[in-house]
Amino acid sequence: MTEMFASILFPPGLVLLLGGLLLPVVEGKLRSALVLVLPLLTLTLVWTIPEGNHIHFGFMEYTLQPVNSTAEGRLFATIFSIMAFVGGLYALKTASLTELTSAFVYAGSAIAVTFSGDLITLFIFWEIMALSSTMVLWANSKNNPKAYAASIRYLLVHLLGGVILMAGIVAYIYETGSTTFTAMQTDSVATWLILAGFLINAGAPPLSAWIADAYPEASPSGMVFLSAFTTKTAVFALLVGFPGADILIWIGLYMVFYGIIYALLENDMRRILAYSIVNQVGFMVTAIGIGTELALNGAAAHAFAHIIYKALLLMSAGSVLLMTAKRKCTDLGGLFQSMPVTAVNGIIGALAISAFPFTSGFVTKSLETSAAAYEGMVIVWFMLLAASAGVFLHAGIKFPWFVFFQKDSEEGLSKAERTPDPHHKNMHWAMWFFSFLCIGIGVYPQALYSILPYPIDYQPYTIDHLVTQFQLLLFSGFAFFALLPMMKRTLTISLDFDWFYRRFFKVLGDEFTIKTKTVFGVVMDKVSIKIQRFIEKLYKHHGPQGVLARTWPSGNMVLWVAIILACSLLLYYL
Amino acid sequence: MIDDNNKHWLYRKKSLPILWSIQIAILVVAVLPEFFIHHHPHFEKQGINIDATWGFFAWYGFLTCTAMVVGAKILGIFLKRKDTYYDD
């Protein structure tokens with residue numbers, strides 16, 4: 001079996017991408033089967049293609065390398081395939097066909113990026129990702145009137161990112177003559193542009209707002225897909241392209257605290273989780289900036305674990321949204337009583353994101369903080385430690401507390417009247433499977449450690465680490481409950497950089513429209529008067545009564561001929 | 001208003017003191033090992049050993065979280081808008 005696959009050197013991402021396009025053609029059970037089989041087929045292919053750069057083919061005067069299997073790429077492609085499988089399972093009964101098809105094209109192109117050996121292939125799939133993820137959002141327009149506008153704003157941000165990335169790639173190829181996607185230095189305009197293009201997709205400042213603006217408008221399953229691929233493909237690209245770029249440390253730290261602060265202020269449960277994506281990706285970006293083998297392993301492992309527990313949290317939140325049609329913390333609460341499956345899985349996801357011992361967060365995030373410590377980065381380490389406490393605060397407790405506990409939002413209702421868990425068992429299985437992975441990786445981290453890009457010798461379970469982590473988290477939890485009155489939710493959103501393009505430029509545009517309208521009116525008046533006069537003059541001279549339109553008597557002509565002849569005679573004599 | 005006894009016990013007023021005592025008990029258990037184990041400082045070379053002092057992770061977690069909540073609250077004064085802000 002393995003040998004049979006080993007001879008197939010086909011880009012694994014294309015299996016999902018092209019297979020996804022088949023979904024609308026088939027129906028019923030065959031479609032469900034495809035949704036579940038395609039990701040598994042992709043995963044098999046990811047692991048049977050031997051390491052190395054296999055296919056080179058010419059495209060204009062450049063070489064494309066679409067099957068470049070590396071340790072980093074394989075790790076990301078693995079989790080992307082698993083995500084497509086579990087996401088597909090979760091979405092099976094509720095997602096629209098447009099959403100499902102787009103999500104598979106989206107996942108496939110993300111996997112294709114991780115197998116790109118050159119910048120041109122990377123860019124092509126990068127853009128397919130932008131378009132297909134927009135479609136995932138757009139597919140929810142029927143159910144959520146806000147989704148359409150959000151999808152357009154989302155697309156604009158990503159098209160901007162794409163243009164910047166393309167400009168960088170063009171300049172880079174012109175400067176170096178090489179299209180190979182490999183580690184770059186931030187020493188030229190070209191590489192800075194490429195870095196900026198990657199960072200926009202990672203949710204870096206100033207354009208971090210697109211994540212919390214767009215993702216929560218998607219369907220319950222749509223946001224699960226969206227949370228996994230774009231930002232983590234950007235993490236992959238940064239990991240390969242810019243390991244050890246110092247600026248990433250500070251950009252990452254900014255993202256970490258941005259995510260916490262905005263999530264603390266937020267009222268919408270899925271926007272809390274969206275801000276938390278920026279927070280988590282911030283950890284990874286910081287680790288990539290540190291750039292040692294341990295740090296890069298940490299970033300890759302954290303991305304792997306994060307995709308799982310963030311998807312789990314969003315599946316839990318999605319189930320709540322699906323069943324209650326409510327998304328605000330002020331409207332929710334007490335659902336642990338009637339939605340036990342959703343609540344338990346949400347809590348497992350929350351414990352994992354908070355890096356509680358025996359969960360995937362604990363064994364992956366600690367690689368990043370340890371890397372900072374080994375490099376003697378005092379400030380970075382202390383900030384990451386505070387941020388780890390903050391993760392528990394903004395996602396680990398805040399999400400489950402306000403959704404599943406807090407107050408009893410269905411007080412007085414009998415058990416039968418309360419909102420139950422989703423009826424679709426596939427949603428339960430998807431959540432249980434990811435919960436299993438959250439704890440499985442936490443209890444047996446060697447499985448994940450063995451597929452990391454670099455060899456690793458790290459023991460997360462020391463007495464010291466366990467004791468300090470419990471203290472850090474439990475006292476953060478204490479702070480949450482002690483300050484609960486300050487955490488009271490309000491019916492608000494928080495202004496962010498998107499204010500500039502959603503409000504400021506709009507007002508500016510409107511203002512200019514008014515002014516230009518007046519100016520335009522005045523100019524148009526003047527122009528029309530001039531044209532009117534021109535026509536009048538024309539009419540006067542050439543009209544029926546015009547001097548130049550009259551029929552001339554032949555005597556006139558004879559007179560003029562005589563005059564010309566007289567002139568020529570005169571000239572002759574001279 | 002629903003009778004306190006008909007509520008889930010988690011939401012009953014008289015459960016509150018019990019819930020708080022459970023939490024405090026957990027916190028006490030969490031700091032107990034401090035009496036027995038010795039932490040290794042992460043930045044010995046830089047001459048920083050605050051992270052190896054008694055109960056550092058406990059108070060650091062509590063204080064930084066408090067700072068973040070207060071910080072968010074202050075920023076909220078300037079940044080918060082009604083959630084229908086962009087709707088019109």
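**The interface between chain A and chain B**

In the predicted model, the side chains of B:Lys7 and A:Glu411 meet in a salt bridge, with an N to O distance of 3.8 Å. This pair belongs to an interface across which 3 salt bridges are found. Polar contacts were also counted: 14 residue pairs, both members at pLDDT 80 or more, are in polar contact between chain A and chain B.

On the side of chain A that touches chain B, two or more residues are given by each of helix 11 (246-265), helix 15 (360-374), helix 16 (378-404), helix 19 (463-482), strand 5 (492-494) and helix 20 (498-542) of chain A. Helix 19 of chain A provides the largest share of this side, with 14 residues. When the residues of chain A that touch chain B are sorted by class, 36 are nonpolar, 13 are polar and 9 are charged.

As a whole, the interface brings 58 residues of chain A into contact with 47 residues of chain B. The area buried between the two chains amounts to about 4900 Å², and carbon and sulfur atoms give 73% of that area.

The two chains are also joined through strand pairing. Strand 5 of chain A pairs with strand 1 of chain B, which spans residues 80-82, and the pairing is antiparallel over 3 bridges. Within this arrangement, B:Lys82 in strand 1 of chain B stands opposite A:Thr492.

Definitions and conventions
Residues numbered from 1 in each chain as written. Chains lettered and ligands numbered in written order. Predicted model: local features only at pLDDT ≥ 70, side-chain atom pairs only at ≥ 80, totals over all residues. Heavy atoms only, no water. Contact = heavy atoms within 4.5 Å. Buried area = accessible area lost by both parts, 1.4 Å probe. Salt bridge = Lys/Arg side-chain N within 4 Å of Asp/Glu carboxyl O. Polar contact = N/O pair within 3.5 Å; in protein donor to acceptor, adjacent residues only side chain to side chain. Helix = DSSP H or I, 4+ residues; strand = E, 2+ residues; numbered from the N terminus. Nonpolar A, V, L, I, M, F, W, Y, C, P; charged D, E, K, R; others polar. Pairing = 2+ DSSP bridges.
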